[in-house]
Amino acid sequence: MATESKNSSFAKARDAKQDEFYTQLTDIEKELKHYKKHFKGKVVYCNCDDPRVSGFFHYFSYNFEKLGLKKLITTCYKNSSRDLFSENDAEEAVMLVYEGDKDGNNVPGVDEIGVVKLKGDGDFRSDESIELLKQADIVVTNPPFSLFREYINQLVSHDKKFLIVGNQNAITYKDVFPYIQENKIWLGYNNGDMSFKVPSHYESRATRFWIDETGQKWRSLGNACWFTNLDISKRHEDLVLYKTYNEKDYPEYVNYDAIEVGTTKDIPCDYNGKMGVPITFLDKYNPDQFEILGSSRNLSNPMSGYAEKGSYAQGGPRFYLNNGDGTYRRMYDRIVIRRRQ
Ligand SMILES: C[S@@+](CC[C@H](N)C(=O)[O-])C[C@H]1O[C@@H](n2cnc3c(N)ncnc32)[C@H](O)[C@@H]1O
């Protein structure tokens, strides 16, 4: 009984992290088709991937010749047995190295893939994984969401090119947003809805959860994003705008000197001042068309300097609009942009 409750609290903690979301091969193909030119002659590292179940390993090994890759390295975390489905309860981790097809059938065969037992547990922060990271040109994976900050900081500090899956909420993290503002990281092509296989021990839920006819559990995210620093043509395309500015439709915030633009497509084409836009704007962001000045989290002034306590809902730093009846409306997170002249 004691062991059972210990196990179930371990399972709860593990589930609370929500780290075991498996990316579908179709989603990987849909995104990666825009990046082909980046991979020629490159060493790709998937560092949060059990190669035996990872769609990323599958994609790169089967497209090795087409992409002209030099080497594919994949490491998994605390897991050396396929049927564990990455429950991370084996201390051993393995590394797979693939250097291309040797027998001419263009299929990565078992005897063409080098399997090496890692000394440690395959944690992406371990010395062993960092040594592999140093050898890599491009890192591609869906990392554990609970460690996203550390994960992305490690990639940037090692000056690596990358394409990784994350959640839109990460955009506003205080150690991720500056990278976006400084144009060191941007969003890829397919941001929004994405479905992931999850392990059988994951709790059933009312929303964004289902079990398919084979018994496989699934979850979906409505705000999944691809984060990258690989140049893509999308980010050089101008957003075409149709609306014109007027004071009524674009009110100024109470606690910051910018106008509110509730939807990206409604950005006025003739306004040159500061504008607050939803985070989803980043999906359409072209740094030659707009500059990012900051976000409501770092630019908004405290409401206590503008309004009576009780007239507005308090919370973290946000922009507010005046309702005109002595109360103030708290906005969702906003990014502040300005048109480049
Ligand atoms: C969101 S899942 C994605 C798995 C796989 N990359 C994919 O896209 O299908 C993140 C994976 O990272 C693994 N993981 C968790 N902590 C890790 C760590 N510290 N180092 C490396 N991998 C880790 C988890 O076990 C999990 O399998």
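This is a predicted model: local features need pLDDT of at least 70, side-chain atom pairs count only at pLDDT 80 or more; totals for chains, interfaces and linings use all residues.
Local features were considered only at pLDDT of at least 70 and side-chain atom pairs only at pLDDT 80 or more, while totals for chains, interfaces and linings use all residues. Residues are numbered from 1 along each chain as its sequence is written.

The protein chain is divided into domain 1 (14-234) and domain 2 (237-339), with bounds that come from an automatic or database domain assignment. The centres of the two domains, taken over C-alpha atoms, are separated by 34 Å. To the contact between them (C-beta atoms, placed from the backbone, within 7 Å), domain 1 gives 12 residues and domain 2 gives 11 residues. On the side of domain 1 that touches domain 2, helix H7 (177-181) and strand E8 (186-187) each supply at least two residues, where helices (H or I, at least four residues) and strands (E, at least two) are DSSP runs numbered from the N terminus.

In helix H2 (residues 25-32), the buried residues are Ile28, Glu31 and Leu32, buried meaning that 20 or more other C-beta atoms, placed from the backbone, lie within 10 Å of the residue's own. Seen down the axis of H2, these residues fall within an arc of 90°, so they line one face of the helix; the arc is that of the directions from the helix axis to the C-beta atoms. They pack against E1, H3 and strand E11 (217-228).

Note on methods. Two residues are in contact if their C-beta atoms, placed from the backbone, lie within 7 Å. A residue is buried if 20 or more other C-beta atoms lie within 10 Å of its own, exposed if 12 or fewer, and partly exposed in between; C-beta atoms are placed from the backbone.
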